[in-house]
Amino acid sequence: MTTWQTPGAGFYPGQQGYPQQNPGYPPQEGYNPGYPPPYGANQPPAPGFIPPGPPPYGQSPPFGAEPQPGMYGSNYAEDPMGSDIKGFDFSEKTIRNGFIRKVYSILMCQLSITLGMIALFLYHHPTHKFVMAHPELFWISFIATIVMIICMACCTSVRRKAPLNFIFLFLFTIAESFLLATAASTYSSEEVMLAVGITAAVCLALTLFAFQTKFDFTALNSILFVALIVFMIFGLIAMIWKGKIITLVYASLGALLFSVYLIFDTQMMMGGSHKFSISPEEYIFAALTLYLDIINIFLYILTIIGASRD
């Protein structure tokens with residue numbers, strides 16, 4: 001008949017020992033029929049005692065305890081994944097380079113549309129005559145340009161949410177190209193092509209300079225804003241007192257001012273160590289500012305060429 005040992009004799013509280021060995025087998029030396037082994041003269045541990053060693057798998061070590069070695073020589077303080085995952089560390093430089101490529105791609109499309117419309121108005125005489133016979137088209141395009149540029153400048157969702165931002169930018173480019181082509185059609189084709197060539201060379205040189213120089217033009221935003229206000233006041237004066245000299249001075253100052261603005265906007269797009277930068281989400285706004293700088297430089301260079309030949 002199987003017998004059980006008395007509870008509490010050398011065991012944890014509330015635990016019972018295993019049944020004694022089958023009496024049919026001879027007893028073995030060193031075998032203790034109870035589990036766990038008795039403590040002998042030492043007192044059993046108090047309730048809530050945690051034995052030393054690493055915590056069970058899936059549990060965190062107690063607060064303030066040193067990390068214990070785990071499996072394969074690692075410990076709980078190490079990241080089990082480590083730095084094995086590659087290809088997901090998109091740096092700021094990578095994002096910025098993609099942003100710059102996108103901005104210049106959009107800008108090239110805008111300039112191509114504008115150049116194509118200027119060439120159409122210059123070399124296709126029926127189109128030129130139709131535009132000259134309907135001056136109301138100029139004012140419709142002018143109002144549409146003002147409305148769309150205010151929407152893109154003031155409404156974040158308009159210039160950030162695709163495809164709405166591309167639609168607004170395309171409509172603005174068409175309207176602005178119409179205005180520019182109408183203004184250019186009042187000059188001879190030789191003067192316009194000369195202005196296009198000079199503008200292309202100047203903008204390329206200024207862009208390369210903006211990428212290479214260590215001087216931070218973005219810190220001059222307040223100075224450039226004041227200079228723009230003064231230039232607009234000077235433009236009102238030039239409209240009242242007309243003359244060849246004042247026209248040349250006004251156009252020269254305008255070309256110089258927007259050349260500096262082109263460097264300013266280019267460095268804003270570059271980001272990096274410059275004081276101010278444009279968010280990569282603002283690729284439509286960045287392309288818009290560069291486009292406006294370039295067409296203003298073109299207009300003032302064309303004005304200088306036309307005034308000098310009168």
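The structure holds three salt bridges, a salt bridge being a side-chain nitrogen of Lys or Arg within 4 Å of a carboxyl oxygen of Asp or Glu. In one of them, the side chains of glutamate 282 and arginine 159 meet at 2.7 Å, N to O; this pair links distant parts of the chain, 123 residues apart, with glutamate 282 in the loop between α8 (244–270) and α9 (283–309) and arginine 159 in helix α4. Helices here are DSSP runs (H or I, at least four residues) numbered from the N terminus, while strands are runs of E of at least two.

The model is predicted, so local features need pLDDT of at least 70 and side-chain atom pairs count only at pLDDT 80 or more, whereas totals for chains, interfaces and linings use all residues. Residues are numbered from 1 along each chain as its sequence is written, and side-chain values use heavy atoms, with hydrogens and water left out.

Proline 163 lies in the loop between α4 (156–160) and α5, and the peptide bond that joins alanine 162 to proline 163 is cis, with omega near 0°.

The axes of helix α3 (residues 136–154) and helix α5 (residues 164–184) come within 9 Å and cross at roughly 140°, where axes are lines fitted to C-alpha atoms, for helices over the stretch in contact, and angles run from 0 to 180 degrees between N-to-C directions. Contact (heavy atoms within 4.5 Å) is made by residues including Phe138, Phe142 and Met148 of α3 and Phe168, Phe172 and Glu176 of α5.

Residues 284–307 form a span that is 100% helix and 0% strand, its end C-alpha atoms lying 34 Å apart. Methionine 232, finally, has its place in helix α7 (residues 221–240).
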